[in-house]
Amino acid sequence: MNRSLALLLGCALWSASAAAQDDDARKMFKEAQEHFDGARYDQALELARKAFQATGSPNARLYVARALRGLGRFDEAYEEMSLTLDDATEKAKGEDKYVATRDAAAAELALLKQKVGRVIVAVVDAPTDLAVSLNGKPLEAARVGQPVAVLPGDSLVSVEASGFKRYERTIQVTAGNTMTVAVRLLEESADAPPSVPPPKREAAASSGGISKTWGYVGLGVGAAGLAAFTIFGLSAKSTHDKLDEECGGPCTDPKYQDDIDSGKRSQTFANIGLGIGAIGVAAGVGILLFGGPSKEAPTTAVVDWNHGPALQVTRRF
């Protein structure tokens, strides 16, 4: 009897304590909302984080992301908003109250995507003790080969492992774009510069298929090819228009021979770029769709190129 009474008393005390913690969390969340509405983003961030730690609620995490956005820390806000969307999407399957949170996170994430760049660090033949950092912050193993949000501008990529030469490179990332950095570490005893071999099939693991890292690399190669296609295509079009205006029809006048040759070269390079771009994009998309697991694929992959819309080049010189 005494044991049963003690058990009931313990349950009552636990319930009272849990209710008090819930009340405190709700109070912190409400205060975080008020601070956010008043543009007091530092206070809103502190309270929203405490509320999230106490409850794990996507609603609290949403305000963590919003406060970071208000502070101009768009890269951190993007990461938090992505996690908010994942959490709210999962919980909305069983609780309708999180549907609005899911929809808000999706809409705000789309806006944040235009304020950040993203970097994919792809390491070929990665050593077991690999250490990767981006802007001085270590990347977890699961984030290597995945898009990571950064502020537009210079980003420092560092890769190292025991027995290998340290790799370090500063890249420039623009807002709304993704840059893929493919790295293969060079052993300490080697003298030759590091190189990245062509994509190869990896041994199938339980997740199956080719590593999705190569999908991102393929998209980067495809983007570079399409960039070349665009540049040389515009050059070919400009030359063609000039000849059409000054010479008319298929031009046979010898004084325009240099322009004719230049136009043909530009068209050839444009067609080569189109072929490389199409193959790279097709391979990248195929690997991302049917290769190994990946949390998120980038909307654009860039390897030191920014490209506009693709052009169809069918000019006769």
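This is a predicted model: local features need pLDDT of at least 70, side-chain atom pairs count only at pLDDT 80 or more; totals for chains, interfaces and linings use all residues.

Q: Which residues of strand 1 point which way?
A: Gly117, Val119, Val121 and Val123 point one way, while Arg118, Ile120 and Ala122 point the other way. Both sets are buried. In a regular strand, side chains alternate between the two faces of the sheet.

Q: What makes strand 1 and strand 4 a pair?
A: Pairing needs at least two bridges. These two strands have three, in the antiparallel sense, so they pass. Val119 sits opposite Val148 of strand 4.

Q: How do you know that strand 1 also pairs with strand 7?
A: Six bridges join strand 1 to strand 7 (residues 178-183), in the parallel sense. At least two are needed, so this is a pair as well. Here Val123 stands opposite Val183.

Q: What makes Glu79 part of the lining of the second largest pocket?
A: A lining residue has an atom within 4 Å of a pocket point. Glu79 is one of the 17 residues that line this pocket, so it has such an atom. Among the residues closest to the pocket's centre are Glu79 and Val148.

Q: Which helix gives the most to that lining?
A: Helix 4 does, with four residues.

Notes. Residues are numbered from 1 along each chain as its sequence is written. Side-chain values use heavy atoms; hydrogens and water are left out. On a 1 Å grid over the protein atoms alone, a cavity is a set of points where a 1.4 Å probe fits but cannot get out, and a pocket is an open set with protein on both sides within 12 Å along at least five of seven lines; lining residues have an atom within 4 Å of a point. Buried means under 20% relative accessible area, exposed over 50%, partly exposed in between (1.4 Å probe, protein chains only).
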